[in-house]
Every structure is written in structure tokens, then in C-alpha cells.
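Dear colleague,

I am handing over the structure below, followed by notes on what was found in it. Please read the notes with the coordinates open beside them.

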Amino acid sequence: MNDRELLELAAKAAGLRVVDRSAPISLRVESDGCKSGVHWNPLTDDGDALRLAVDLNLSIKAFEDGCDICDSESGEEIETAHLEPNGCHYSMIRRAIVRAAAEIGRNMQ
């Protein structure tokens with residue numbers, strides 16, 4: 001799955017409507033709440049990733065060379081990520097959050 005597909009499924013899981021897909025590295029999304037046509041990319045933006053994790057009630061368990069993303073209510077593990085050699089912990093955790101959200105979005109009917 002490419003980054004665009006991950007972002008679209010993650011947006012679906014968070015209840016965001018994609019209103020513009022033309023930006024090269026983000027989506028423009030809106031919701032019934034506080035977002036209105038804003039650029040959104042939790043793969044690159046710490047704030048977007050944190051809001052996504054909070055909106056989906058995800059729990060982040062970081063360890064030295066990776067992280068687990070779990071459903072906070074059930075404790076069920078959704079995604080595990082491992083740090084690439086010379087990788088960035090922040091980037092790894094953002095991607096793990098988005099992958100977990102995309103999995104939730106994929107399972108929504």
C-alpha cells in the first residue's frame with residue numbers, strides 16, 4: 001500500500017472527509033468538528049499523528065528499537081514497527097500510527 005492509500009484509509013478511520021487529493025504530500029480534509037479543508041499528513045506532521053492517535057484511542061508503547069500501537073480499550077495490538085538502521089524514532093512512530101489507523105479504516109464497512 002502506498003502512502004496516499006494509507007492516508008486515505010487513516011482519514012476514513014478518523015472520520016475525516018477527503019476534499020482534495022491534488023497536493024503531492026498531503027490530503028485536504030474536513031470534518032464536522034474543528035477541521036475545515038486543512039492540509040493533513042500524519043506521516044510527516046507530529047501534531048496530525050498525535051491527533052489521529054487520540055481520535056482513535058490508540059496506545060503507543062515505544063521501546064529502544066521500535067514501538068507497538070494498541071487499541072487503548074481492548075489492549076489489542078494493531079501495529080508493530082521496528083526502527084530502521086539510522087532511522088528516526090519520530091518518523092517510525094508516525095508511520096506506525098498511520099498504519100494502525102489505515103488498518104482500522106480498512107476494516108470499517
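L50 counts as exposed, because its relative accessibility of 53% is over the 50% cut-off. This leucine lies in helix 2, and although 43 residues separate L50 from I93 in sequence, their C-alpha atoms are 9.9 Å apart in space. Please keep in mind throughout that the model is a predicted one.

As for the overall arrangement, the protein has three helices and six strands, which follow one another along the sequence in the pattern α-β-β-β-α-β-β-β-α. The protein has 109 residues, of which 38% count as buried, and it exposes about 6,400 Å², with carbon and sulfur atoms supplying 47% of that area. Where contacts between residues at least 6 apart in sequence are considered, 38% of them join residues at least 24 apart.

The largest nonpolar core has 27 residues, and those with the most contacts inside it are W40, L52, L58, C67, I69, I97 and V98. Two or more residues of this core come from each of helix 1 (3-13), strand 2 (27-30), helix 2 (46-55), strand 5 (66-71) and helix 3 (89-107), and helix 3 gives the most, with eight residues. Once its neighbours within four places in sequence are left aside, V98 is in contact with L6, L7, A10, P42, L43 and L52.

R94 is found in helix 3 and, with a relative accessible area of 13%, is buried. Not counting residues up to four places away in sequence, R94 touches P42, L43, T44, D45, D46 and A49. N41, for its part, has its place in the loop between strand 3 (36-40) and helix 2, where it counts as buried because its relative accessibility is 7%. The side chain of N41 reaches the backbone nitrogen of L43 at a distance of 2.8 Å.

The hairpin of strand 5 and strand 6 has five residues between the strands, and in it G75 takes a positive phi near 80 degrees.

What, then, of the cysteines, and how many disulfides does the structure hold? It holds zero disulfides. The closest cysteine sulfur to that of C67 is in C70, and at 9.5 Å it is too far away for a bond, since a disulfide needs the two sulfur atoms within 2.5 Å. C70 is accordingly in no disulfide, the sulfur of C67 being the nearest cysteine sulfur to its own. C67 counts as buried at 0% relative accessibility, and C70 likewise counts as buried at 4%.

With kind regards

Conventions. Residues numbered from 1 in each chain as written. Predicted model: local features only at pLDDT ≥ 70, side-chain atom pairs only at ≥ 80, totals over all residues. Heavy atoms only, no water. Helix = DSSP H or I, 4+ residues; strand = E, 2+ residues; numbered from the N terminus. Buried < 20%, exposed > 50% of the residue type's maximum accessible area, 1.4 Å probe, protein only. Contact = heavy atoms within 4.5 Å. Areas by Shrake-Rupley, 256 points an atom, 1.4 Å probe, with all protein chains shown as cover. Core = buried A, V, L, I, M, F, W, Y, C linked by side-chain atoms within 4.5 Å. Polar contact = N/O pair within 3.5 Å; in protein donor to acceptor, adjacent residues only side chain to side chain. Pairing = 2+ DSSP bridges.
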